Amino acid sequence: MDYGIKLWGDNNFFIDNKKVKLNYKSSPSLVKIVQQIRENDIKGPILLRFPHLIEKQIDLVYRTFNKARAEFKYRGTFNAVYPLKVNQYPNFVKNLVQLGEKYDYGLEAGSKAELFLAMAYNNKKAPITVNGFKDEEMISIGFIACEMGHNITITIEGLSELENIIKISKKRFGSIPNIGLRIRLHSSGVGIWAKSGGINSKFGLTSTELLQAVNLLKKANLIEKFTMIHFHIGSQISEIGPLKKALREAGNLFVQLKKMGATGLNAINIGGGLAIEYSQHRQSMNRNYSLSEYANDITFLLKDISVRKNVPEPNIFIESGRYIAASHAVLVAPVLELFSQEYTEEKLQLKEKNPPLVQELYDIYKTIDSPRAQEYLHDSLDHMDSLLTLFDLGYIDLIDRSNTEILVNLIMKKAIMLLKDKKTRELLRIQDMVQERYLVNFSMFQSLPDLWGISQSFPVMPLDRLDEKPTRSASIWDITCDSDGEISYNRASPLILHDVDVTKEEYFIGFFLVGAYQEVLGMDHNLFTHPTEATIRIDDTGFSVENVIESQSILDIFEDLDYDIKEVQEILNEKIEKSSLIDDKTKKYILGEIYLFLNDNGYLKTINGKDDS
Ligand SMILES: *Cc1c(COP(=O)(O)O)cnc(C)c1O
């Protein structure tokens with residue numbers, strides 16, 4: 001069982017000696033990395049960042065586009081910017097900027113805050129593009145970036161922004177940013193993010209507005225500064241068809257605008273949307289194209305239009321974010337509890353004289369073997385039905401009912417084990433019925449918000465024991481008190497995990513491809529905050545753990561919510577001081593406990609007294 005690692009893993013991970021390992025240099029296992037971090041008394045979920053995977057994606061994008069350009073003898077340049085909204089965390093962004101320096105890989109900003117980050121961290125020669133709605137102040141910040149010497153293009157979403165640019169250009173000090181126009185296309189994307197493109201899109205100028213924009217630019221003597229047209233048809237584009245349509249439309253708009261006298265226009269920015277494969281099952285793959293196909297189609301189509309219409313080939317800009325960021329981060333979280341572990345033989349409270357059907361269940365449980373597994377399974381389900389009816393009618397008591405539940409559950413598990421090589425449809429159905437709930441030490445709202453919000457699935461798998469056939473059809477529960485905090489699976493695409501006794505062993509679950517969008521979208525629901533993170537550098541002989549940032553303490557969370565943390569502490573302390581139930585020595589001890597707990601993070605360490613370490 002490889003959990004589809006060959007489908008979504010992109011050769012970044014492999015299974016060896018029972019464990020998931022990184023397919024890079026010394027190939028450490030994820031479990032080994034996590035255990036090393038946890039040695040420093042760090043518990044709860046850990047987000048691992050791998051800079052070598054950021055480097056891989058950047059290299060891949062530039063190499064693939066440059067190969068396509070060479071193949072089609074494309075005379076325009078290829079440029080990429082990373083859209084900060086996808087992941088703004090410093091240990092991601094700083095690595096990305098450094099790794100991208102040799103390509104002049106730039107940054108894209110969609111807000112004032114992101115623009116300031118771009119101005120602070122972007123490599124000097126690399127481009128900055130600015131999208132999204134802008135007020136005068138934001139446009140002024142763009143001018144400041146230009147005055148600093150950045151190569152910046154402000155893409156306008158509407159005519160009023162252009163009017164603001166013209167107004168501000170008269171007031172400032174001479175350096176004027178390049179101007180891009182976001183075009184509104186007929187063609188739109190497919191999939192859950194398709195809203196970004198299309199004629200009803202939130203963004204972009206209509207044909208009429210484009211004509212007006214060109215006139216305004218000419219009148220203001222800024223037509224040379226109009227260098228780029230831009231579109232973005234949505235994220236995670238699952239099919240290449242709509243993109244090709246959008247390219248033809250954009251290519252012809254480029255030609256028309258050039259012919260109308262947009263003499264400075266030299267670039268088409270095709271936005272982001274390059275999809276990655278999240279699926280663990282062949283029947284539900286997420287995209288129908290590869291990076292090469294994407295690069296070849298873009299280069300070929302733009303070349304073709306330029307040659308036929310006799311305009312210079314536009315410089316190509318892309319703003320892929322998900323494709324660059326998703327793979328670099330893996331969330332690892334320990335299993336805290338299996339919920340049906342209450343169904344153990346020790347919990348049986350058999351009586352001297354049991355109801356005959358209970359006695360029969362017990363005999364089935366003791367004697368079930370492979371030849372008769374199916375038959376006995378049917379019998380026990382039948383008996384359970386009868387026994388539950390007897391309970392409703394008042395003929396058996398709660399102890400009998402508890403014995404029934406335990407025995408049937410035990411029989412099902414035994415039958416599943418005995419029949420594991422004969423996956424009949426019925427057995428699969430029963431496996432669903434005894435779906436084991438794995439309580440995992442993480443918050444879905446914090447770490448996988450897109451799973452909660454838009455049902456985006458992420459690859460999930462155990463990180464160890466991969467030589468053993470797992471037997472438990474699982475669903476995953478997070479530690480929030482919200483019934484939505486569950487990842488459920490169905491028979492068509494199940495998650496099968498190993499039986500674990502969490503009192504005796506650690507069992508870690510890995511959530512993969514969580515590097516794009518999840519971190520900043522994550523919510524502090526129930527006040528679980530960003531997990532502890534660490535950056536892992538792998539070399540030929542081992543690995544090093546850098547920049548460990550522990551999950552926020554409970555007091556930090558209160559502070560974020562604008563509580564006066566002194567006040568909170570004082571109130572708590574006063575209540576202990578005033579308590580008449582305890583003596584002074586005990587009070588001192590409890591005050592110490594409160595202090596420690598408030599200064600630690602809120603993720604769980606133990607459950608039922610069992611330490612998760
Ligand atoms: C969000 C966004 C992107 C990034 O999209 P991905 O699907 O992550 O590649 C690029 N450009 C613009 C304008 C965006 O809004």
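Is S455 buried or exposed? S455 is exposed, with a relative accessible area of 63%; exposed means over 50%, buried under 20%, and partly exposed in between, using a 1.4 Å probe and protein chains only.

## Basis of the model

This is a predicted model, in which local features need pLDDT of at least 70 and side-chain atom pairs count only at pLDDT 80 or more, while totals for chains, interfaces and linings use all residues. Residues are numbered from 1 along each chain as its sequence is written, and side-chain values use heavy atoms, with hydrogens and water left out.

## The chain as a whole

The chain has 21 helices and 22 strands. Both are DSSP runs numbered from the N terminus: helices are H or I runs of at least four residues, and strands are E runs of at least two. Along the principal axes, the C-alpha atoms fill a box of roughly 100 × 65 × 55 Å.

Of the 613 residues, 54% count as buried. A contact means heavy atoms within 4.5 Å. Among contacts between residues at least 6 apart in sequence, 75% join residues at least 24 apart.

## Helix 5 and helix 6

Two packed helices are described by the angle between their axes and the distance between the axes. For helix 5 (residues 112-121) and helix 6 (residues 136-148), the axes come within 10 Å and cross at roughly 5°. That makes helix 5 roughly parallel to helix 6. The axes are lines fitted to C-alpha atoms, for helices over the stretch in contact, and angles run from 0 to 180 degrees between N-to-C directions. Angles under 35 degrees count as roughly parallel, over 145 as roughly antiparallel, 65 to 115 as roughly perpendicular, and the rest as oblique.

On the helix 5 side, the contact is made by K112, L115, F116 and M119. Helix 6 contributes E137, M138, I141, G142, I144, A145 and M148. These residues divide into eight nonpolar, one polar and two charged. Here Ala, Val, Leu, Ile, Met, Phe, Trp, Tyr, Cys and Pro count as nonpolar, Asp, Glu, Lys and Arg as charged, and the others, Gly among them, as polar.

Helix 9 (residues 240-259) has 20 residues and reaches 29 Å from its first C-alpha to its last, close to the 28 Å expected at 1.5 Å a residue. The expected span is 1.5 Å times one less than the number of residues. The buried residues of helix 9 include I240, L243, L247, F254 and L257. The buried residues of this helix pack against helix 8 (207-219), strand 9 (226-230), strand 10 (267-269) and helix 10 (291-309). After helix 9 comes G261, with a positive phi near 100°.

Q236 sits in the loop between strand 9 and helix 9. At 5% relative accessibility, Q236 counts as buried. Its side chain reaches the backbone oxygen of I276 at 2.8 Å. This is a polar contact, defined as a pair of N or O atoms within 3.5 Å; within protein, one must be able to donate a hydrogen and the other to accept it, and residues adjacent in sequence count only if both atoms are side-chain atoms.

The 21 residues of helix 14 (residues 398-418) should span 30 Å at 1.5 Å a residue, and the end C-alpha atoms are 30 Å apart, which agrees. At the start of this helix, a side-chain oxygen of D397 reaches to within 3.2 Å of the backbone nitrogen of I399.

T424 lies in the loop between helix 14 and helix 15 (425-433). This residue is partly exposed, with a relative accessible area of 29%. T424 and L398 are 26 residues apart along the chain, and their C-alpha atoms are separated by 34 Å.

Q446 is found in helix 16 (residues 444-447) and counts as buried at 3% relative accessibility. The side chain of Q446 reaches the backbone oxygen of F528 at 3.1 Å. Leaving aside neighbours within four places in sequence, Q446 is in contact with residues including Q518, D524, F528, H530 and Y603.

S455 is in the loop between helix 17 (449-454) and strand 14 (460-462). S455 is not a glycine, yet has a positive phi of about 55°. L527, also a residue other than glycine, has a positive phi near 65°. L527 lies in the loop between helix 18 (518-521) and strand 19 (532-538) and is partly exposed, with a relative accessible area of 30%.
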